[in-house]
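Please find below a colleague's note on the model, to be read with the sequence and the coordinates at hand.

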Amino acid sequence: MKVLVPVKRVVDYNVKIRVKADQTGVETANVKMSMNPFDEIAVEQAVRMKEAGQADEVIAVSIGPQQSQETIRTALAMGADRGILVQHDGEIQPLAVAKLLKAIVDAEGPGIVLCGKQAIDDDANQTAQMLSALLGWSQATFVSKLEIGDGEATATREVDGGLETIKVKLPAVCSVDLRLNEPRYASLPNIMKAKKKPIDMKTPADFGVDPTPRLTTVKVVEPPPRQAGVKVADVAELVSKLRNEAKVIS
Amino acid sequence: MSNLVIAEHDGAEIKPHTLNTIAAAQAAGGDIHVAVIGSGCQAAADAAAKIAGVSKVLMVDSAEYENQMAEAVAPAIVKLADGYSTIFAPANTFGKNVMPRVAALMDIQQLSEVSAVLGEKTYERPIYAGNAIATVKSSEPTDIVTVRMTSFEPVAAEGGSASIETVSGTGAQDLSSFVGQSVVSSDRPELTSAKIVISGGRGMQNGENFGMLEKVADKLGAAVGASRAAVDAGFVPNDYQVGQTGKVVAPDLYIAVGISGAIQHLAGMKDSKVIVAINKDDEAPIFQVADYGLVADLFDAVPALEKELG
């Protein structure tokens, strides 16, 4: 079966972000961008499925500006077979992303879609569940273990109380959590090979999807800073301050 | 104008996060109705009817909602959604799992992890791990909102006397099924609602050393948490994780032990009222958010702390 993996280009997780002075958003010019870390885990899982003979082809899809090709190349260097870029400049929100992915799923017919559980820029945590709903498929979210069976998959989910195991009928949409695997680093030969792998260029109009945001960002500000604290000399002073100054323990 | 709150419950009881979610609905103004969707959930519906400020409970009690599978619960919410200006659910793994499915079925763009309800379809929500706060205005006919629980004080669980209306189920689904769960039961308070949290990081070195934190926790009536590094290293289970991708906590007192203070960890705890950091590296970023910092070897400091607490 085919595996489809959506990958998003985001501000690198190591970058300390800066809010724009005009409060319209977060500065992304001249900032290091990389693949959303959760999407890397999804790509890794898809490539492992291929290596284990459970998948025939891994397709990486990105929706975003021209530079999102680099994100797709990263997935190709990790072992994905080909890419699709739906080119769109400007903001696009999860529902529109899910609609575009649905159109691609309809065209490609994958047996499973592996998504990162959330993107570390908008922290929305919506796309996988929305795609699953639009397709009328099963969903397994926040997955830390995935076993592909005959016509179904068994997924372990990271939930608030611990772990939950469910069975989902295939085809399914899964959103992956941190502990599913450790993504590989692409080797230099694979990075070179990735440059020759095909990337299909599309636009939202090709799929008849309106990418206009439904939510308007009024402003973006920095959170209120915490006041600088004090260093205490020892445990006795710490406990004394917590008792008498902060009054948070008795 | 009226709001629908999707209750998180186990059939017998309403989960505390529902009370924070109702507080967010109160901030929006208008009537508050609570949906209790489950299998054998009469007791939970009765409990929901007693919550302060709730005027009506909609109970959908049918076998297909056992284990709260998203594929079953989402259509039930869609069925109830008609006429509401806003639908609220907690932004925990329950709400995060089911609400985007509801939103897509209704062709609505959801608002995730809302931290303030400003009125006139306008909301605040943290983005970039809480390093920026966005004010967002919706243009949807019904707003679908998941609520950052720590940003809203819970309403009282008692004091209301709402009517209960029974609604029929939406039918069985065969897309997914529940196999089992491993839930660790503990006598300590739940991480996201505890008044005091003590968390360990990579500096704890192994899982056994978390026993030191547990001893302190027992003296303080605290919950025990962990950084992602400690969870990834296998010291403690995933449900301990505090951070952008784990749990968000905002206790009166947060004690970070052997935690360096990565951005993604700070995202989960920096709204705590008082933060204490114990770390032997005096350059650790955690000290930049700590009200009280103690530069010390945790293997000396934590036993000393336990002793000092008496």
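Predicted model: local features only at pLDDT ≥ 70, side-chain atom pairs only at ≥ 80, totals over all residues.

The numbered points that follow take up the interface, the salt bridges and a few individual residues and strands.

1. Extent of the interface. Between the two chains, 80 residues of chain B are in contact with 75 residues of chain A, and the area buried between them comes to about 6,500 Å², with carbon and sulfur atoms giving 55% of that area. On the side of chain B, the residues that lose the most area to chain A are B:Gln109, B:Tyr128 and B:Tyr292, which together make up 13% of what that side buries.

2. Polar and charged contacts across the interface. Six salt bridges are counted between chain B and chain A, and 47 residue pairs are found in polar contact across the interface, with both residues at pLDDT 80 or more. The side of chain B that touches chain A is made up of 39 nonpolar, 22 polar and 19 charged residues. In one salt bridge, the side chain of B:Asp232 meets that of A:Arg179, with N and O 2.9 Å apart.

3. The surroundings of A:Glu158. This residue belongs to strand E8 (residues 152-159) of chain A, and A:Glu158 counts as buried because its relative accessibility is 7%. Its side chain is joined to that of A:Arg179 by a polar contact of 2.8 Å, and A:Arg179 is also the residue whose side chain meets B:Asp232 in a salt bridge. If residues up to four places away in sequence are set aside, A:Glu158 touches A:Phe142, A:Ser144, A:Leu163, A:Asp177 and A:Arg179, and also B:Thr93 and B:Asn238.

4. Strand pairing between the chains. Strand E13 (residues 230-232) of chain A pairs with strand E16 (residues 292-295) of chain B in the parallel sense, over three bridges. Within this pairing, A:Lys231 has B:Gly293 as its bridge partner in E16(B). B:Tyr292, which lies within the residue range of E16(B), is also among the residues of chain B that lose the most area to chain A.

5. Over all chains the structure holds 31 salt bridges, and one of them brings together the side chains of A:Glu108 and A:Arg82 at 2.7 Å, N to O. Since A:Glu108 lies in helix H3 (residues 94-108) of chain A and A:Arg82 in strand E5 (residues 82-87) of chain A, this pair ties together parts that are 26 residues apart in sequence. A:Glu108 has a relative accessibility of 16% and therefore counts as buried. Both residues belong to a network of salt bridges that links A:Lys2, A:Glu57, A:Arg82 and A:Glu108.

6. Two further salt bridges. A:Asp106 and A:Lys102 form a salt bridge in which the closest N and O atoms are 2.9 Å apart; because the two are four residues apart in helix H3 of chain A, they are separated by about one helical turn. A:Lys102, with a relative accessibility of 26%, counts as partly exposed. In chain B, a salt bridge is formed by B:Glu113 and B:Lys96, whose closest N and O atoms are 3.2 Å apart. B:Glu113 lies in strand E5 (residues 111-114) of chain B and B:Lys96 in helix H4 (residues 93-105) of chain B, so this pair ties together parts that are 17 residues apart in sequence. Both B:Glu113 and B:Lys96 are buried.

7. A:Met1 lies in the segment before strand E1 (2-6) of chain A and is partly exposed, with a relative accessible area of 27%. Although A:Met1 and A:Glu57 are 56 residues apart along the chain, their C-alpha atoms are separated by 6.9 Å. Beyond its neighbours within four places in sequence, the contacts of A:Met1 include A:Met49, A:Glu57, A:Ile112 and A:Ile148.

8. Strand E6 of chain A. Five of the five residues of this strand (residues 112-116) are buried, so E6(A) is largely enclosed by the rest of the structure. In a regular strand, side chains alternate between the two faces of the sheet. In E6(A) both faces are covered, with A:Ile112, A:Leu114 and A:Gly116 buried on one side and A:Val113 and A:Cys115 buried on the other. E6(A) pairs in the parallel sense with E1(A) over two bridges, and five bridges join E6(A) to strand E10 (residues 172-176) of chain A, also running parallel. A:Val113 stands opposite A:Leu4 and also opposite A:Val173 in E10(A).

Notes. Residues numbered from 1 in each chain as written. Chains lettered and ligands numbered in written order. Heavy atoms only, no water. Contact = heavy atoms within 4.5 Å. Buried area = accessible area lost by both parts, 1.4 Å probe. Salt bridge = Lys/Arg side-chain N within 4 Å of Asp/Glu carboxyl O. Polar contact = N/O pair within 3.5 Å; in protein donor to acceptor, adjacent residues only side chain to side chain. Nonpolar A, V, L, I, M, F, W, Y, C, P; charged D, E, K, R; others polar. Pairing = 2+ DSSP bridges. Buried < 20%, exposed > 50% of the residue type's maximum accessible area, 1.4 Å probe, protein only.
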